[in-house]
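Dear colleague,

A summary of the findings follows it.

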Amino acid sequence: MSVALTTIGFDADDTLWQNEQFFALTQDRFADLLADHVEKPDLMARLMQAERRNISHYGFGIKGFTLSMIETAIEITDGKVPAAVIAEILDAGRDMLSHPIELLPGVQDTLAALRPDHKLLLITKGDLLDQMRKVEQSGLRDHFDAIEVVSHKTPVEYTEIFRRHGTGVDEGLMAGNSMSSDVLPMLDAGGWGVLIPHGLTWALEHAKAPDDHPRFAEITDLTQLPELAARCKSAD
Ligand SMILES: [Mg+2]
């Protein structure tokens with residue numbers, strides 16, 4: 001049976017371009033700053049706890065990450081962290097907000113190959129200003145029919161976005177490196193969910209793969225997506 005697949009959504013961070021590696025570099029810098037107080041593994045565990053606590057207040061992105069680093073530094077030092085260290089943490093956050101864009105291999109060719117037969121959407125979460133900066137610097141803007149920066153990737157969001165820009169979520173596919181944000185909510189909404197794992201993926205984005213879901217697929221890199229999209233159309 002032939003089915004319609006009209007619209008493809010792409011996650012951006014660690015799907016189209018590198019992102020998590022910059023967080024990892026900043027975490028190293030953060031650990032150096034507090035090396036007199038705590039070992040790195042303990043510090044990372046405390047930072048992760050702070051990020052989890054704060055996600056509903058700050059959302060996803062570098063600004064919230066920076067605030068969580070500051071909060072963790074205050075906790076670890078029992079409130080004695082010097083202002084100079086806070087200033088260094090703020091510098092580290094600002095550096096992240098201006099890091100250069102490094103596209104993942106094959107991104108441009110893949111988007112160009114899919115463009116003639118599909119509407120292409122970029123769907124990302126994070127700080128609006130930072131995500132739009134990255135889109136502009138990536139040079140990928142013109143490959144997309146629409147760009148959506150959302151607070152959370154939920155089934156309702158996907159349903160809305162694919163209705164607004166496509167022909168409904170059941171004729172849509174979402175591809176990304178996060179099982180919990182890019183794949184599972186899209187499957188729940190009734191679309192295809194395609195996981196493209198990235199070596200570095202933030203712990204909060206991990207989740208168990210669905211068992212035998214007919215609309216779930218995993219590919220090893222983005223360049224396999226055109227072939228997969230063609231297969232989605234020939235068998236559902
Ligand atoms: Mg991602």
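The donor residues of the magnesium ion follow the sequence spacing D-x1-D-x163-N. They are D11 (OD), D13 (O) and N177 (OD1), at 2.1 to 2.2 Å from the ion; donors are N, O and S atoms within 2.8 Å of the metal (3.2 Å for Na, K and Ca), and water is not among the atoms, so sites may look incomplete. Both D11 and D13 are buried, that is, under 20% relative accessible area with a 1.4 Å probe, protein chains only.

Please note that this is a predicted model, in which local features need pLDDT of at least 70 and side-chain atom pairs pLDDT 80 or more, while totals for chains, interfaces and linings use all residues. Residues are numbered from 1 along each chain as its sequence is written, and side-chain values use heavy atoms, without hydrogens or water.

Turning to the strands, strand 4 (residues 172-176) and strand 5 (residues 192-195) run parallel and are joined by four bridges; strands are DSSP runs of E of at least two residues, and helices runs of H or I of at least four, numbered from the N terminus. Two strands pair if DSSP finds at least two bridges between them. G176 has L195 in strand 5 as its bridge partner. On the other pairing, three bridges link strand 5 to strand 6 (residues 216-218), also parallel, and G193 is partnered there by F216.

In strand 5, W192 and V194 on one side and G193 and L195 on the other are all buried.

Yours sincerely

Methods
Buried < 20%, exposed > 50% of the residue type's maximum accessible area, 1.4 Å probe, protein only.
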